[in-house]
Amino acid sequence: MMSLGLALAVCLGLMVADAVARAWRLVWLVRGVGERLTFRQAVVVNAIGDGAAALTPGRVGGEPSRLAGLHHAKVPLEAGLVVVSFEVLAAWPVIILFAAALAWRYAPEWIVTVAPPFLAALGALWPWLILVGVASIGVIVLARRSASPWLHRLKKPAIRLSRYWKRMTPGPLLASIPMTLINLTTRTAILPVLAMTVPDPPALGPMLLGSFALLYSQLILPTPAGAGGVELGFLAGAAGQFGPQETALLLWWRFWTTGFGVLFGGFFLIRLFGWSGVRRLWRRGPDPETPEPPPGTAPGVS
C-alpha cells in the first residue's frame, strides 16, 4: 500500500512526463511545416488547449484555443491548423491500437470480474443516466453554435492550407508516435497509482482497461470533460470497486486528469490574452491576416 503523498508525487511526475512528450510532439510537427516553435511555447499552447477543452461542451474549445496559442507564438493560423490536423491523424491510429491491445489482454478478465457489478450499478443509476443524456443533447446544440465563428474564419485560406500541408514530411509524424504512447501510458496510469493508496485495490489489468475507457470516453461525451457520464461510470465500477475511499479517489483522479489541466491552462490563457481578450477570442477567433499577438497582452513565452 502506498501513502497518499507518494502517490500524488508520482501523479505529478506522470503529468510532467505527459506535458514534455506532447510539447516535443507539437514542436516537431510545427517544424515539419516550416515554422518555428520553442519547447516552452509548446508547453503553454498545449496547456491552454487542455484547459479550454475541459471547460467547454464536447471539448469544442480545445483546438481553437491551441490555434490561438500557436497564433500568439507567431505561427500562421493556416500552419497551426495543418499541424493540429496532422497531430490528430497521427495520434488516432496509435490510440486505437493502444485500446485494442488493452482490450485483447484484459477484456476477458474485465468481463468476468468487473462487468457484472458494473452493469448492476448502472441499472440502479438509470434516472441519472437519463438526466445526463438529456443534458448532453442541449450541450451538443450549444457546442455547435459556439464553434461557428471559428469555422467561418477557417473557410477562407484554403490555398495557404494546401501549401503547408504539402510541406510536412514523414519524419515528424513518425517521431510523434512514441510521444503519443507516452501520453496514453501516463494518463492511463494515474488511476492505478492512486488505487495503490486503498487497502484492497481492484486487479491491475481490468483497472487499466477501465481507466483508459473512462479517460477517453470524454472524447465522445458532449458535456465538459464528460461531466456526469464519467463520474457515473467511475462510481458504478467501470474500473473496479475501490471501497469506502472511492469518492476521495474519484476527486483526486479528476483533479489530475482534468482539474490540473484547467488550472495550468487557465493561468496561461488569462496571462496571454486577459479576461476581455479571452471572451473576444472565443466570440471571433484569431484573425488569419494578422499573425502578431493582440496588442496589450502579457509578454509571450519564448
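Which residues in α3 are buried? In this predicted model, Gly62, Pro64, Ser65, Arg66, Leu67, Ala68, Gly69, Leu70, His71 and His72 of α3 are buried, where buried means under 20% relative accessible area, exposed over 50%, and partly exposed in between (1.4 Å probe, protein chains only). Helix α3 spans residues 62-72 and is mostly covered, with ten of its eleven residues buried. Just after α3, lysine 74 adopts a positive phi of about 70°.

Residues are numbered from 1 along each chain as its sequence is written, and side-chain values use heavy atoms, with hydrogens and water left out. Because the model is predicted, local features need pLDDT of at least 70 and side-chain atom pairs count only at pLDDT 80 or more, whereas totals for chains, interfaces and linings use all residues.

The protein chain contains eleven helices and zero strands; helices (H or I, at least four residues) and strands (E, at least two) are DSSP runs, numbered from the N terminus. Of its 302 residues, 49% count as buried. Among contacts with a separation of 6 or more, 80% are between residues 24 or more positions apart, a contact being heavy atoms within 4.5 Å. The chain exposes about 14600 Å², of which carbon and sulfur atoms supply 72%.

Side chains of opposite charge can pair when their charged atoms come close. The structure holds eight salt bridges, each defined as a side-chain nitrogen of Lys or Arg within 4 Å of a carboxyl oxygen of Asp or Glu. One of them joins glutamate 87 to arginine 66, with the closest N and O atoms 2.6 Å apart. This pair links distant parts of the chain, since glutamate 87 lies in helix α4 and arginine 66 in helix α3, 21 residues apart. Both partners are covered: glutamate 87 is buried at 7% relative accessibility, and arginine 66 is buried at 5%.

Salt bridges that share partners also join Asp18, Arg22, Asp50 and Arg187 into one network. Within it, aspartate 18 bridges to arginine 22, the closest N and O atoms being 3.9 Å apart. These two residues both lie in helix α1 (residues 4-32), four residues apart, about one turn of the helix. The side chain of aspartate 18 also meets that of arginine 187 in a salt bridge of 3.0 Å, N to O. Arginine 187 lies in helix α8 and aspartate 18 in helix α1, so the pair ties together parts that are 169 residues apart in sequence. Aspartate 18 is buried at 2% relative accessible area, arginine 22 at 10% and arginine 187 at 13%.

Helix α8 (residues 170-195) also holds serine 176, which is buried with a relative accessible area of 2%. The side chain of serine 176 reaches the backbone oxygen of leucine 173 at 2.6 Å. Beyond its neighbours within four places in sequence, serine 176 is in contact with Arg25 and Ala90.

Aromatic rings form another group of pairs. Rings of Phe, Tyr and Trp (its six-membered ring) pair if their centres lie within 6.5 Å; planes under 30 degrees apart count as stacked, over 60 as edge-to-face and the rest as tilted. By this rule there are 14 aromatic pairs. Tryptophan 256 and phenylalanine 260 form a tilted one, 5.5 Å centre to centre with 35° between the planes. Being four residues apart in helix α11 (residues 246-284), they are separated by about one helical turn. Tryptophan 256 is buried at 6% relative accessibility, whereas phenylalanine 260 is partly exposed at 24%.

Definitions and conventions. Areas by Shrake-Rupley, 256 points an atom, 1.4 Å probe, with all protein chains shown as cover. Polar contact = N/O pair within 3.5 Å; in protein donor to acceptor, adjacent residues only side chain to side chain.
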